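Trainee: I would like to go through this model and ask what stands behind each label.
Mentor: Go ahead.

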Amino acid sequence: MKIGYRTIKTALGTPFAIWIAQMLQLENFASAGILTILCIQITRKRSFLSAWHRFSACLLAMGFSFAFFELLGYNPISIGLMLFAFIPATVWFKITPGIVTSSVIILHLYGSGDIGWSIIWNEVVLITVGIGTALLLNLYMPSLEKKLNQYRKQVESNFSIILREIAQFLRNGDNDWTGKELTETANLLEKAKSLSYRDVENHLLRSHNHFYHYFHMRTKQFELLERMLPLVSRISSSDIHGIRMAEFFDDLADAVHPGNTAVIYLRMLKEMKEDFREDRLPETREEFEVRASLFHLLNEIEDYLIIKRSFKKSDV
C-alpha cells in the first residue's frame, strides 16, 4: 500500500506541533496536533487558504466565547446560543472551513471557567503553533511534472491511433477497431486536468500553467474527434476525396506532439477545400451524401487544427 505525502506530513507534523506546545508549557498542548492535522492540505494554495480560514475563525470564536460565556455563564445553553450566532458569522465572513478548528478553542475557553488574558494568550500561541507547523510542512509539495508528462504522452499516443483509424476507415471502409482508445483518452484527460489543476494551486506566484492549458486544448480537440467518427462512418471508401483525406489524417497522426505545426496543415486543408469546389457536382444522391459528409469532416478537422494553432508552442 502506497503512503502519500499528506500522510507523511501528518505523521511528522502532529507530534512536532505537540512537542513545541509542550516546550512552551501551553495548556491543552495536545490540541496543537489536532490543528496541524486539520490544516494539512494537498496544495500550497489550499494550505494558505485553510490557515487563513482557521486562524480567523479561531480569533472570532474567542470574541464570541468571551461575550456569551461571561454574560450568560459557563453552561451548555450558553454554548448553544453562542453557536447560533457564531456559525452565521463565519458564513458572513466566508471562513466556514474554520468552524471545526474553532470549536476546539471554544471548548478550551468553556472548560477554563474564566476567560482571562492568560488563557487568551495561551490559545493564540496554540493556534499559531498548530497552524504554523502545517504551513511549514505544506511549503514542500512533490513535483507533478513527471506524471503530467506521462499523461501527455499517453494522450498524444491515443490521438495518433484514433487519427490513423479514421484514415484506415476512409481508405478501406469498415475495420475491426474496438475504439477502446476513446474511453481510455476520456479517462486520461479527466485525470490529467485534475492533476494539472493541483499543479496550478501549487504555484502561488505563477499566473500561467502550461499543462493546464495544454490538457484543456486536448479536451476540446478530443470532443471534435468524437464528432468526426459518425461522419466517417457515412463515407464510402471508393471516393477519391476520401482517399486523399485518409493520407491527410495519416500525416496528422504523425504530427501529434506539443509543437505547433497546425499552420502547415491548415494550408493543406485550404487546398483540399479548393479542390472540392472545383470538382464536378455529384450526380447521384449517394455521391451527394458522401461529398456532404466529407466537406463536413473537413470543417471539423479545420476546427481541430485552429484549436491547436491557438496553443503556443512554448506552452509545453
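Trainee: What is the volume of the largest pocket?
Mentor: The model is a predicted one, and in it the largest pocket has a volume of about 340 Å³. Its lining is made of 14 residues, and those nearest the centre are Gly4, Tyr5, Pro142, Leu144 and Arg198.

Trainee: Which classes of residue make up the lining of the largest pocket?
Mentor: The lining has 6 nonpolar, 4 polar and 4 charged residues.

Trainee: Which helices supply at least two residues each to that lining?
Mentor: Helix 1 (5-23) and helix 8 (180-201) do. Helix 1 gives the most, with 3 residues.

Trainee: Why is the largest pocket said to lie between domain 1 and domain 2?
Mentor: Both domain 1 (5-139) and domain 2 (144-315) give residues to its lining, so the pocket lies between them.

Trainee: How far apart are the C-alpha centres of the two domains?
Mentor: The C-alpha centres of domain 1 and domain 2 lie 52 Å apart. The contact takes 6 residues from domain 1 and 4 residues from domain 2.

Trainee: What makes Thr133 buried rather than exposed?
Mentor: Buried means under 20% relative accessible area. Thr133 has 6% relative accessibility, so Thr133 counts as buried. This residue lies in helix 6 (residues 117-138).

Trainee: Which residues is Thr133 in contact with, leaving aside neighbours within four places in sequence?
Mentor: Thr133 is in contact with Gly13, Phe16, Ala17, Thr36 and Thr128. Of these, Gly13 and Ala17 are among the buried residues of helix 1. The C-alpha atoms of Thr133 and Cys39 are separated by 8.9 Å, although the two residues are 94 apart along the chain.

Trainee: Why is Thr219 called buried?
Mentor: The cut-off is again under 20%. Thr219 has a relative accessible area of 14%, and therefore it is buried. Thr219 is found in helix 9 (residues 210-232), and touches Leu189 and Lys193, not counting residues up to four places away in sequence.

Trainee: How do you know that the length of helix 10 agrees with its number of residues?
Mentor: Helix 10 (residues 240-254) has 15 residues, which should span 21 Å at 1.5 Å a residue; the end C-alpha atoms are 22 Å apart, so the two agree. Buried residues of helix 10 include His241, Met245, Phe248, Phe249 and Leu252.

Trainee: What span is expected for helix 1, and how far does the helix reach?
Mentor: Helix 1 has 19 residues, for which 27 Å is expected at 1.5 Å a residue, and it reaches 27 Å from its first C-alpha to its last. The buried residues of helix 1 are Lys9, Gly13, Thr14, Ala17 and Ala21, and what covers them includes helix 2 and helix 6. Just after helix 1, Gln25 has a positive phi of about 55 degrees.

Trainee: What covers the buried residues of helix 5?
Mentor: The cover includes helix 2 (31-39), helix 3 (44-72), helix 4 (76-92) and helix 6. The residues of helix 5 that are buried are Thr101, Ser102, Val104, Ile105, Ile106, His108 and Leu109. Helix 5 (residues 99-112) reaches 20 Å from its first C-alpha to its last, close to the 20 Å expected for its 14 residues.

Trainee: Which residue follows helix 5, and what is its phi?
Mentor: Gly113 follows helix 5, with a positive phi near 75 degrees.

Notes
Residues numbered from 1 in each chain as written. Predicted model: local features only at pLDDT ≥ 70, side-chain atom pairs only at ≥ 80, totals over all residues. Heavy atoms only, no water. 1 Å grid on protein atoms, 1.4 Å probe; cavity = no way out; pocket = protein on both sides within 12 Å on 5 of 7 lines; lining within 4 Å. Points joined across faces, edges and corners; volume = space filled by probe spheres on them. Helix = DSSP H or I, 4+ residues; strand = E, 2+ residues; numbered from the N terminus. Nonpolar A, V, L, I, M, F, W, Y, C, P; charged D, E, K, R; others polar. Domains from an automatic or database assignment. Buried < 20%, exposed > 50% of the residue type's maximum accessible area, 1.4 Å probe, protein only. Contact = heavy atoms within 4.5 Å. Expected span 1.5 Å × (residues − 1).
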